[in-house]
Amino acid sequence: MATIRKRGNTYNIRVSGGYDVNGKQITHSMTWKPDKPMTAKQTEKELNKVIVEFEERCKNGLMSNNPRLTFAEFVPQYLDLVKPSLSPQTYQYYERLLKKYIIPELGHLKLSEIKPLHIQSFIKTLSEKPIEYGFKNGKCKHIETTLSPSSVRRYLNIVKSVLNMAVKLQVIPESPAQSSKLIIPKATKPSVEIFTKQEAAQMLQCLEKEPLQYQVLINLAIMTGARRGELVALKFSDIDYNTHRIRIERSAMQLKGQPISTKPPKDFEIRSVTVSPYCIELIQELEKEKEKEKERAGTAWNGDEWLFTKVDGSIMHPITPTKWFSDFLDRNGLKHRKFHSLRHTSATLLLYGGASLRQVQGRLGHGDISTTNKYLHYIAEADEESANILQDMLITSTSNKEKKQA
């Protein structure tokens, strides 16, 4: 509802725009003055028209005629517009970073006055920002460090997204965060970590001493290449014991302050994956085990056919596989790699074994085959290393032969 104040023949129109991420109320205002003499009735009719149009522009974020609109005031409208296209986790991630890192630095600036110099200063501030906590070997440690170049670039991409939306809505003529106008820290491309065939075999051997549900979890991670959330969200009804196929149609997640829930897989790639007879046998054993646990728990059981559960039968927390896997590797003296490396291992071993890119893309649920292509680079590097090993062997062999002849 607009508030109107009249001063002479000029009208000040104020419209509430909700609240920003810090809980501060956002107010948009404009002034209107009849450009020609009007009767009181004509003025009232024209004023109502202006108010309706202004309220609509405020609702849709189209305030190009408001030079005082700040970055912080525009953010709630930006989030409202991009929410349908983002996953719940990504949306919450954007909200958190905007509130914690971006708005404190850029929020007070008027959109129309933001220059590349401000963005460059923001990049410098981020690059020098001390971080008190970090992760090492999958566990939270007290580490004094600064944001990595890759983190700085991720935060900058959110700023770019906000400003690009402002351009799209004609709030500003062009974005001051264009890469061509900035010096951006170079981030090293993360390497694809995998377990070699020998390491995977050793890991599976150590796994035989672990609880059954974790045996199933790790075997399925390697066999299917499914993401952590997709594995946690599996139900026994997703398993076809006759065809040995597993249907992956949901992923577990937990947003801050909310219970664990499920959503469609990333890229909405619902798929069916064939697994080995051994995996099917393990799953059948696990189902029997869960039935016994359910009987013992009685009314305390809170399950819903989940393969991987807490003690009360409710779905396992999505972060549990990461923590358990890190401890498992430590206990058995195995080289530490992330849980997600099991997905990389599955893809790489499939390609080594002769599977096509399309087959691997289908099993892993990649929306774009270019994502699957990254594994070819790793295989090419490994192939080059193998060639060098062969060359060294041949040269050594030839050299020894020549020595004997001499």
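**View 1. Salt bridge between E293 and K290 in the predicted model.** The N to O separation of the two side chains is 3.7 Å. E293 and K290 are three residues apart in helix α9, so about one helical turn separates them. K290 is buried, its relative accessible area being 7%, whereas E293 is partly exposed at 22% relative accessibility.

**View 2. Salt bridge between K124 and E128.** The side chains meet at 2.9 Å, N to O. Both residues belong to helix α4 (residues 116-128) and lie four residues apart, about one turn of the helix. E128 has 48% relative accessibility and counts as partly exposed.

**View 3. Salt-bridge network of D238, R247, E249 and R250.** Within this network, the side chains of E249 and R247 meet at 2.6 Å, N to O. A search of the whole structure gives 11 salt bridges.

**View 4. The largest nonpolar core, with 42 residues.** M203, L220 and F325 touch the most other members. Two or more residues each come from α6 (197-207), α7 (212-224), α8 (228-232), β7 (245-248), α9 (277-297) and α10 (320-331). The largest share, eight residues, is from α7. Another core lies apart from this one and has 40 residues, including V75, Y78, Y94 and L126.

**View 5. Surroundings of M203.** With neighbours within four places in sequence left aside, M203 contacts F195, I218, I222, F325, F328, L329, L334 and L342. M203 is also among the residues of the largest nonpolar core that touch the most other members.

How values were computed. Residues are numbered from 1 along each chain as its sequence is written. This is a predicted model: local features need pLDDT of at least 70, side-chain atom pairs count only at pLDDT 80 or more; totals for chains, interfaces and linings use all residues. Side-chain values use heavy atoms; hydrogens and water are left out. A nonpolar core is a set of buried Ala, Val, Leu, Ile, Met, Phe, Trp, Tyr and Cys residues joined through side-chain atoms within 4.5 Å. Buried means under 20% relative accessible area, exposed over 50%, partly exposed in between (1.4 Å probe, protein chains only). Contact means heavy atoms within 4.5 Å. A salt bridge is a side-chain nitrogen of Lys or Arg within 4 Å of a carboxyl oxygen of Asp or Glu.
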